[in-house]
Amino acid sequence: YHPVNRAALLRMAQDEDYEVAREAVRAIAGSGDAWFTPGLVDLLGDRRIRDVVRRALFERGDDALAVLSRALVDRRTPVAVVRHIPRTIAQF
C-alpha cells in the first residue's frame with residue numbers, strides 16, 4: 001500500500017470480480033488510512049463484500065463510527081447504503 005494508489009484501490013473495491021473487490025477491501029483495511037473510511041461506508045451497498053467492509057470499518061474504531069453516524073443522517077447517502085448502517089453501527 002502507498003497513498004498514491006488510494007483512488008485505484010478504491011476503484012478495485014468496486015470491481016465486478018468478487019475476489020478483486022474483496023482483496024481490495026482487505027488491502028484498504030490493512031492500510032489504516034482514514035482517507036478510505038467514507039469510501040468504505042459507500043461500499044456497504046455492495047452485498048457481495050458487505051461483511052468484509054463491516055469488519056474493515058469496525059477495525060477503524062471510533063473514527064469509522066463517527067463517519068457512519070454522519071452518513072446515516074446525510075440525505076445524500078444512497079438508500080442502499082443507509083439501510084445497512086444501523087447493523088454496522090451495532091457491531092461497535
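Q: Okay, which residue follows H4, and what is its phi like?
A: That's glycine 61, and its phi is positive, near 70 degrees. Keep in mind that we're looking at a predicted model.

Q: How many of the residues count as buried?
A: Of the 92 residues, 37% do.

Q: What about contacts between residues at least 6 apart in sequence, what share join residues at least 24 apart?
A: For those contacts it's 61%.

Q: Back to H4. Which of its residues are buried?
A: The buried ones are Arg50, Val52, Val53, Arg54, Ala56, Leu57 and Arg60.

Q: And what covers them?
A: The cover includes H2, H3, H5 and helix H7, which spans 85-90.

Q: Let's take H2 then. How do the axes of H2 and H4 cross?
A: They cross at roughly 0 degrees and come within 9 Å of each other. Angles under 35 degrees count as roughly parallel, so that's what H2 and H4 are.

Q: Which residues make that contact?
A: From H2 you have Arg22, Val25, Arg26, Ile28, Ala29 and Ser31, and from H4 there's Val52, Val53, Ala56, Glu59 and Arg60. Sorted by class, the contact between H2 and H4 has six nonpolar, one polar and four charged residues.

Q: What about the largest nonpolar core, which residues touch the most other members?
A: Those are Val25, Leu40, Val41, Leu43, Val53 and Leu57, out of 23 residues in that core. H1, H2, H3, H4 and H5 each supply at least two of the core's residues. In soluble globular proteins, nonpolar side chains tend to be buried together.

Q: Okay, threonine 37 then. Is it buried or exposed?
A: Threonine 37 has a relative accessible area of 4%, and buried means under 20%, so threonine 37 is buried. You'll find threonine 37 in helix H3, residues 37-42.

Q: Which residues does threonine 37 contact beyond four places in sequence?
A: Leu57, Arg60, Ala64 and Val67. As for alanine 64, its C-alpha is 6.2 Å from that of threonine 37, though the two are 27 residues apart in sequence.

Q: Last topic: where is proline 86 found?
A: Proline 86 is in helix H7. Its relative accessible area is 44%, so proline 86 counts as partly exposed.

Q: How far is proline 86 from leucine 72?
A: They're 14 residues apart in sequence and 8.0 Å apart in space, going C-alpha to C-alpha.

Terms used. Residues numbered from 1 in each chain as written. Predicted model: local features only at pLDDT ≥ 70, side-chain atom pairs only at ≥ 80, totals over all residues. Heavy atoms only, no water. Helix = DSSP H or I, 4+ residues; strand = E, 2+ residues; numbered from the N terminus. Buried < 20%, exposed > 50% of the residue type's maximum accessible area, 1.4 Å probe, protein only. Contact = heavy atoms within 4.5 Å. Axes fitted to C-alpha atoms, helices over the stretch in contact; angles between N-to-C directions. Parallel < 35°, antiparallel > 145°, perpendicular 65-115°, else oblique. Nonpolar A, V, L, I, M, F, W, Y, C, P; charged D, E, K, R; others polar. Core = buried A, V, L, I, M, F, W, Y, C linked by side-chain atoms within 4.5 Å.
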